[in-house]
Amino acid sequence: MSEDTGTLKKWMDTATLVIIAAGLGIAIDQACEIRKSIDAADASTNFSTWNSTAQQWLEMDSMFLQYPELRKFIFEGVPAPSDVKKLEQANAAANKVLDFVDNAITIESYAKKAKQSTASQNILNQDTWDNYFAEIFSKSPMICDIVKGHEKSYFCDTVRMAQMNCANKWKSDIVCK
């Protein structure tokens with residue numbers, strides 16, 4: 001009987017190890033599936049955010065199709081007009097462009113800092129956008145004056161980019177973290 005008990009114990013120990021190994025295999029498989037779901041969610045979120053930003057960009061561009069006379073105040077280095085009505089229109093366009101730029105820089109900055117899974121490349125990491133925004137700052141005294149006059153209203157990276165690229169340089173008390 002003790003030999004039967006020993007065989008039964010060995011059989012039970014072996015069965016327990018097989019069950020534990022199978023459970024561990026299932027747990028690893030489930031962890032891989034969860035990682036795939038997280039990667040898919042990251043990719044979907046990145047694409048949706050990029051698409052939303054791109055749509056805002058297209059909307060901003062459509063403003064210049066409708067009012068081409070405003071382009072010169074944003075892209076051609078022309079200072080603010082002296083005519084009150086033209087100044088109001090140019091100021092509205094400059095604020096709209098600046099709000100878009102600030103939004104895109106804010107989103108990109110947070111996306112770069114967010115922990116992304118290695119399987120999902122972050123589509124929001126757009127250095128070409130930064131180049132375009134730097135060019136806007138370098139060619140729009142109106143936008144630079146708005147940032148300079150209201151720098152606490154804008155994201156720190158937006159203010160920093162403006163300071164680096166605007167022709168009318170200024171000192172700022174804002175410290176970026």
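A disulfide is a pair of cysteine sulfur atoms within 2.5 Å. The exercises below use that rule on a predicted model.

**Exercise 1.** Decide how many disulfides the rule gives, and which cysteines form a disulfide.

*Solution.* Step one is the distance: the sulfur atoms of C144 and C166 lie 1.9 Å apart. The cut-off is 2.5 Å, so C144 and C166 form a disulfide. Step two is the total, which comes to 1 disulfide. Step three places the pair: C144 sits in helix α5, while C166 belongs to the segment after α6 (156–165). The two cysteines are 22 residues apart, and the pair links distant parts of the chain.

**Exercise 2.** Find whether the disulfide of C144 and C166 is left-handed or right-handed.

*Solution.* Take the torsion about the S-S bond, which is about -90 degrees for C144 and C166. The disulfide is therefore left-handed.

**Exercise 3.** Classify C144, C166 and C32 as buried, partly exposed or exposed.

*Solution.* Buried means under 20% relative accessible area, and exposed means over 50%. C144 has 1% relative accessibility, so C144 is buried. C166 is also at 1%, so C166 is buried. For C32 the relative accessible area is 41%, which means C32 is partly exposed.

Definitions and conventions. Residues are numbered from 1 along each chain as its sequence is written. This is a predicted model: local features need pLDDT of at least 70, side-chain atom pairs count only at pLDDT 80 or more; totals for chains, interfaces and linings use all residues. Side-chain values use heavy atoms; hydrogens and water are left out. Helices (H or I, at least four residues) and strands (E, at least two) are DSSP runs, numbered from the N terminus. Buried means under 20% relative accessible area, exposed over 50%, partly exposed in between (1.4 Å probe, protein chains only).
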